Amino acid sequence: MNEFSGLMATYYDELFGTSDTEYAFYRSFLITDDLSLSKKKPPRDSYLDTFSGNKSLVESAGSIRALEIGSGTGQLLIKYVREGFAVDGVDNSQAMINECITKAESDGLDVTVYQQSMDALDLPQRYHTIYVPSCVIQLASDEAELRRIIHSISRHLVPGGRAVISLFMPLPDHTEESFYDKDCSKGKSDLFHVSVNGDRTLEVYCTRRTSHEDASSTYRFDVYQAGVLATQKSYNLRWQMYSLKLISKMLIDESLVAHTWYKDYQQEPLTLEACSSSLDKGNPVCVVVAKKV
Ligand SMILES: C[S@@+](CC[C@H](N)C(=O)[O-])C[C@H]1O[C@@H](n2cnc3c(N)ncnc32)[C@H](O)[C@@H]1O
C-alpha cells in the first residue's frame, strides 16, 4: 500500500521536487501534436528556453486537452495551468489533492483534479494527451493492476491521442546500489531531510530497499515542537519493476501503439532496444509515447 497521506502529503513539496527538465519535457507534449518531439527540436539546449513565455504556442495548443495521472500536490499541473494549458489532474489521495487545490487557490488558479484511482478511471471527458510522470504507473502492485491502469488510460484518450508514460528501467544488470540516491544507504535509515520552521523541526529518515522486482522506501517523519518529539509516523512507498517488453505488450493489447522512447527526459527519441541498452547505469527514467489507434 502506497501512502501519500498525512505528513507525507503535508510535507511532500518540502521533500520531493520535479526538475525543470521533467517539467519542460511534459510541457512539450502540451505544445506539439507530434508523436515524436524531434520534429520540434529546439535550437537551444532545453525545451524550457525555447518555449518559455511564448503565448502563441500556448494559444495554438488549445486543442491539446491533457490529463496528468498522479497529479499529487500539483508541482507540474499548477505550472501548466498557470501558463494557460488545458490540463486536468487525477489522484487517489484526497490529502495530496487538498495540497494541490490550496496552492492553486492561493495563486488564484482554478484547477480540476478528480479523486479516482488510476486503475479504474471514469472521467467525464476524453483527452488528447494523458501523461504519467514520476513513474507513477509502477505503483501498481501487480500485473493485473498495471493492465487495468493501461486500459483506463486508453479508454480516456481520443482516437489518435497519446499516452506519455514514465518508467524506471527494470534492467537485469542493475545492481542494487544503482537505485540508491546519495541520501539513502542499504539496510539502515539515513537522515533524508531536515527543516526548521519557527518552533517546529522536521526530520525525515529514509530506508530504501531495492531488488530487480521492486524499489521500496520507508520514510519516517519525526516532528519536534520546541525540541520535544510531538509526532512520529512512517509511510511506505513501493515501485514495482515491470519489463519494457511486458509494458509494450499491454499497450498493444489496449490499442496503444508504442511510437517513441525517450531516456531521462532527453529530447532525442530512441528505439526501445537503444533505450534499454543505453540505460545501464544510475537510476534512469525512460518515457514511452504511445498512440491510441
Ligand atoms: C510521486 S507523486 C507524483 C507527484 C506529482 N506528479 C507532482 O508533480 O506533484 C505520486 C502521486 O500518485 C498518486 N497515486 C498513487 N497511487 C495512485 C492511484 N492508484 N491512482 C491515482 N493516483 C495515485 C499519489 O497519491 C501521489 O500523489
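**Reading a predicted model with a ligand**

Me: How many residues surround the ligand, and which are the closest?

Reply: A residue is near a molecule if its C-beta atom, placed from the backbone, lies within 6 Å of that molecule. Here, 22 residues surround the ligand, and the closest are F4, G70, G72, Q75 and S93. The model is a predicted one: local features need pLDDT of at least 70 and side-chain atom pairs count only at pLDDT 80 or more, while totals for chains, interfaces and linings use all residues. Residues are numbered from 1 along each chain as its sequence is written.

Me: How is the shell around the ligand divided by class?

Reply: Ala, Val, Leu, Ile, Met, Phe, Trp, Tyr, Cys and Pro count as nonpolar, Asp, Glu, Lys and Arg as charged, and the others, Gly among them, as polar. In this shell there are 12 polar, eight nonpolar and two charged residues.

Me: How many helices and strands does the chain have?

Reply: Helices (H or I, at least four residues) and strands (E, at least two) are DSSP runs, numbered from the N terminus. By that rule the chain contains 10 helices and 11 strands.

Me: In what order do the seven strands of the open sheet stand, and what is the sense of their pairing?

Reply: Strands of a sheet pair through backbone hydrogen bonds, either parallel or antiparallel. Two strands are taken to pair if DSSP finds at least two bridges between them. The seven strands of this open sheet follow the order 3-2-1-4-5-11-10, with mixed pairing. On average, neighbouring strands here are turned by 20° against each other, direction ignored.

Me: Which strands pair with strand 5 in the parallel and in the antiparallel sense?

Reply: Strand 4 and strand 5 pair in the parallel sense over five bridges; there, I130 has A163 of strand 5 as its bridge partner. Strand 5 (residues 157-168) pairs with strand 11 (residues 285-292) in the antiparallel sense over seven bridges. In strand 11, K291 is the bridge partner of R162, and A290 stands opposite A163.

Me: Is strand 5 largely enclosed or open?

Reply: A residue is buried if 20 or more other C-beta atoms lie within 10 Å of its own, exposed if 12 or fewer, and partly exposed in between, with C-beta atoms placed from the backbone. Nine of the 12 residues of strand 5 are buried, so this strand is largely enclosed by the rest of the structure. For the chain as a whole, buried residues make up 37% of the 293 residues.

Me: Which strands does helix 8 lie across?

Reply: Axes are lines fitted to C-alpha atoms, for helices over the stretch in contact (C-beta atoms, placed from the backbone, within 7 Å), and angles run from 0 to 180 degrees between N-to-C directions. Helix 8 (residues 143-155) lies across strand 4 (127-132), strand 5, strand 10 and strand 11, at about 145° to strand 5. Helix 9 (residues 244-253) lies across strand 5, strand 10 and strand 11, and runs at about 145° to strand 10.

Me: What unit do strand 4, helix 8 and strand 5 make?

Reply: A crossover is right-handed if, with the strands pointing away from the viewer, the path from the first strand over the helix to the second runs clockwise. Strand 4, helix 8 and strand 5 make a right-handed β-α-β unit.

Me: In what order do the four strands of the open sheet stand?

Reply: Their order is 6-7-8-9, with antiparallel pairing. Strand 6 (190-197) and strand 9 (228-240) are at the edges with a single partner strand each, so one side of each has no neighbour in the sheet. Strand 8 (residues 214-225) pairs with strand 9 over 12 bridges, and A215 has W239 as its bridge partner in strand 9.

Me: Where does A226 lie, and is A226 buried or exposed?

Reply: A226 lies in the loop between strand 8 and strand 9. A226 is exposed, with 9 other C-beta atoms within 10 Å. Its phi is near 50°, a positive value in a residue other than glycine. Y265 also has a positive phi, of about 60°, although Y265 is not a glycine. Y265 lies in the loop between strand 10 and helix 10 (272-278) and counts as buried, with 21 C-beta neighbours inside 10 Å.

Notes: Contact = placed C-beta atoms within 7 Å.
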